[in-house]
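Biologist: I am new to this structure. Could you take me through chain B, please?

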Amino acid sequence: MATAAMSIKRRPSALAALILLSCVLVLAILVSTSVGAVHVSLAEVLRTLLHPKEATESGVIVFSLRLPRVLAAALAGAGLAATGVLFQGLFRNPLADPFVLGASGGAALGGAMAVFLFPTVSFFGVGASALLAFAGALLTMVVVWTLAGSRSRSTIENMLLAGFAVGTMLNAGTSAFELRQEATNPGARILASWLYGQIGIPPWIQLAVAMTLMVAGIAVAMPLARSLNTLALGEEYAAQLGVKVGRVRAEVLIIGSLLTALAVSLGGLIGFVGLLVPHFLRIVLGPDHFRLLPVAAVGGAAFLVIADTVARTLIAPTELPVGILTAFIGGPAFLYLLNRRKGAA
Amino acid sequence: MSAILEAQRIDFAYGSRTVFERMSFSVEPGSMTAVLGANGMGKTTLLNMVAGLLRPSNGRVLVDGRSVLDWPRRELSRFVALVPQHLEVPFSFQVEEIVSQGRVPYAGRFGGLSPEDRRQVEEAMRAVDVLRLRDRVYSELSGGEKQRVKIAIAVAQQPKLMLLDEPTQHLDIGRQVEIVRLLRSLNEQGITILAAIHDLAIVKENFRKSILLLDKACVMGTTVEVMRPELIEQAFAIPQSELPAFDDMAFTTPESSRLQRDCRRKRPRSKTSK
């Protein structure tokens with residue numbers, strides 16, 4: 001992999017980090033699948049996975065309940081962390097998380113509109129809700145970028161305030177849709193779980209489509225990640241070095257919105273994953289976005305699987321939405337980062 | 001000798017504020033030319049225009065005989081390097097990672113660095129004497145060190161023409177001398193230098209040619225010719241009597257009649273060298 005050639009002295013290899021975190025991810029998926037109201041031992045999980053045809057009771061639990069949810073958590077975590085790396089590079093700011101910027105809120109509102117207006121439209125697991133979620137995230141990011149990202153106005157305050165205002169408005173919109181739904185309507189339950197950041201149990205087809213789009217999105221973003229390193233010198237400097245700044249910005253916003261929409265349609269509003277995971281990996285690997293992006297995706301997946309397992313078992317039998325847990329971990333981390341940056345500035 | 005850089009009757013304005021009006025000048029290859037002028041006269045604008053970041057509303061900027069706007073962007077980035085006045089970098093990027101960005105105009109489709117690119121980055125860091133800083137975090141460097149790293153990025157671009165915006169500003173006298181010595185050595189290696197500089201003493205000592213920006217126009221010639229008290233007085237709005245430490249300068253020169261007094265006037269290239 002080309003990342004090996006990019007390695008800088010005294011910084012660990014990104015490839016090694018990728019392999020290590022992949023192992024953690026696989027282990028976390030297996031453990032998370034075995035944990036729950038009905039305990040399925042690790043050996044049983046493995047046996048079920050290796051012989052999917054055998055219809056056992058644990059097979060039903062694993063394949064229809066546990067595994068889809070665990071994989072949904074993994075994909076949502078990967079999408080949010082990768083988006084965090086991309087948006088932080090674009091805004092040149094480590095606080096640029098898809099939740100903080102309002103992209104998640106835009107995706108949720110778009111998805112909510114679809115659940116309300118076209119509840120039955122769906123092809124191959126890609127419902128109208130996924131498409132409108134993407135549109136909502138993209139529209140939000142264009143607005144937030146226009147308010148806070150352009151060179152003349154790019155300050156932390158502007159970025160946070162724009163994200164806060166837009167995000168609050170969007171979340172209120174989603175809440176309004178939730179109220180309009182009959183409480184017994186499945187749409188209302190979907191919306192409520194989105195607002196709390198509750199990982200759902202998606203159909204396998206949706207998982208497959210989300211996984212394909214996510215891998216493709218991150219692959220397309222890899223050359224962009226290199227351009228983000230140049231953009232760290234500033235837009236004008238990057239332009240002087242031959243980077244097509246407008247095009248890179250558009251592509252980053254589109255791919256980031258796509259990844260955010262995929263994550264939101266799987267788990268709703270889960271905050272700070274896109275902030276925590278890139279931040280800690282940046283401490284270990286350095287700020288090179290090209291090295292960071294794939295590692296953050298795998299790391300984000302492992303992080304959210306573990307966090308969701310904890311959320312589900314912490315106060316069992318009640319399941320805590322993982323969004324609440326990440327808010328409790330991420331909020332203080334966010335404040336710490338904000339304070340440190342102010343001190344430095 | 002044909003000019004490496006030529007501005008032909010360029011107009012430029014920020015909104016309603018006219019900066020240049022039918023301004024012309026030229027820079028010879030291999031020369032070391034200073035851009036002088038009061039704040040707001042357009043020194044940075046001029047450099048940005050040559051680097052292709054701003055376009056004149058009228059007129060042309062020719063680099064190596066070709067209009068800047070006709071150059072493919074990446075090719076221009078290999079020919080002209082601009083060292084901006086300020087460079088602040090977020091995150092803890094190290095010096096080597098920063099200098100590597102100078103190779104972006106040479107990168108392949110997927111942007112990776114070739115062994116040749118790595119060699120050039122190392123050469124650039126050695127030439128500018130920041131090799132020992134390669135693992136240091138850029139944002140933690142001193143002003144003088146940052147200035148050298150910025151120049152190293154430009155050296156890594158392997159340009160024929162290097163533009164520098166106030167490279168000695170905010171540096172102590174020792175670091176200023178070091179930077180100027182560095183520019184001279186780069187110039188001796190064949191890089192044409194065009195630098196906006198405030199310190200007239202530095203210009204007088206080191207730059208043989210100067211372009212003095214006056215209101216919307218310019219005066220160009222050898223530094224000695226350009227630094228005549230009446231021109232300096234006009235350009236910086238300061239009475240001659242209050243000019244510091246210029247007594248030793250040869251202000252009057254028989255050549256001064258040949259000075260290209262107003263760049264707006266279209267004239268054949270004047271022979272300004274002695």
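This is a predicted model: local features need pLDDT of at least 70, side-chain atom pairs count only at pLDDT 80 or more; totals for chains, interfaces and linings use all residues.

Biologist: How many bridges link strand 1 of chain B and strand 2 of chain B, and in which sense do they pair?

Modeller: Strand 1 and strand 2 of chain B are antiparallel and are paired over seven bridges. They belong to an open sheet of four strands in chain B, ordered 2-1-4-5, with antiparallel pairing. Its edge strands are strand 2 (17-27) and strand 5 (66-67) of chain B, each of which pairs on one side only.

Biologist: What about B:Y14: buried or exposed?

Modeller: B:Y14 lies in strand 1 (residues 5-14) of chain B. B:Y14 counts as exposed because its C-beta has 10 other C-beta atoms within 10 Å, and the cut-off for exposed is 12 or fewer. From B:Y14 to B:V155 there are 141 residues in sequence and 31 Å in space, C-alpha to C-alpha.

Biologist: Stepping back, what does the secondary structure of chain B come to?

Modeller: Chain B has nine helices and 10 strands. Of its 274 residues, 45% are buried. Taking contacts in chain B between residues at least 6 apart in sequence, 67% join residues at least 24 apart.

Biologist: Which strands make up the open sheet of six, and in what order?

Modeller: The order in that open sheet of chain B is 6-7-8-3-9-10, and the pairing is mixed. Strand 6 (80-83) and strand 10 (217-222) of chain B are the edge strands, each pairing on one side only. On average, neighbouring strands of this sheet are turned by 15° against each other, direction ignored.

Biologist: Where does strand 8 of chain B pair, and over how many bridges?

Modeller: Strand 8 of chain B pairs with strand 3 (residues 32-37) of chain B in the parallel sense, over four bridges. Five bridges join strand 8 of chain B to strand 7 (residues 161-165) of chain B, and these two also run parallel. B:I193 takes part in both pairings: it stands opposite B:M32, and it is the bridge partner of B:M162.

Biologist: Why is strand 8 of chain B described as largely enclosed?

Modeller: Five of the five residues of strand 8 (residues 192-196) of chain B are buried, so the rest of the structure largely encloses this strand. In a regular strand, side chains alternate between the two faces of the sheet. Here B:T192, B:L194 and B:A196 are buried on one side, and B:I193 and B:A195 are buried on the other.

Biologist: What does helix 6 of chain B lie across?

Modeller: Helix 6 of chain B lies across strand 3, strand 7 and strand 8 of chain B, and runs at about 150° to strand 8. Strand 7, helix 6 (residues 173-188) and strand 8 of chain B make a right-handed β-α-β unit.

Biologist: Changing topic, how many residues of chain B are in contact with chain A?

Modeller: There are 24 residues of chain B in contact with 25 residues of chain A. Helix 2 (73-79) and helix 3 (95-100) of chain B are the elements that give two or more residues to that side of chain B. Helix 2 of chain B gives the most, with three residues. By class, the side of chain B that touches chain A has 13 nonpolar, six polar and five charged residues.

Technical notes: Residues are numbered from 1 along each chain as its sequence is written. Chains are lettered from A and ligands numbered from 1 in the order in which they are written. Two residues are in contact if their C-beta atoms, placed from the backbone, lie within 7 Å. Ala, Val, Leu, Ile, Met, Phe, Trp, Tyr, Cys and Pro count as nonpolar, Asp, Glu, Lys and Arg as charged, and the others, Gly among them, as polar. A residue is buried if 20 or more other C-beta atoms lie within 10 Å of its own, exposed if 12 or fewer, and partly exposed in between; C-beta atoms are placed from the backbone. Two strands pair if DSSP finds at least two bridges between them. A crossover is right-handed if, with the strands pointing away from the viewer, the path from the first strand over the helix to the second runs clockwise. Axes are lines fitted to C-alpha atoms, for helices over the stretch in contact, and angles run from 0 to 180 degrees between N-to-C directions.
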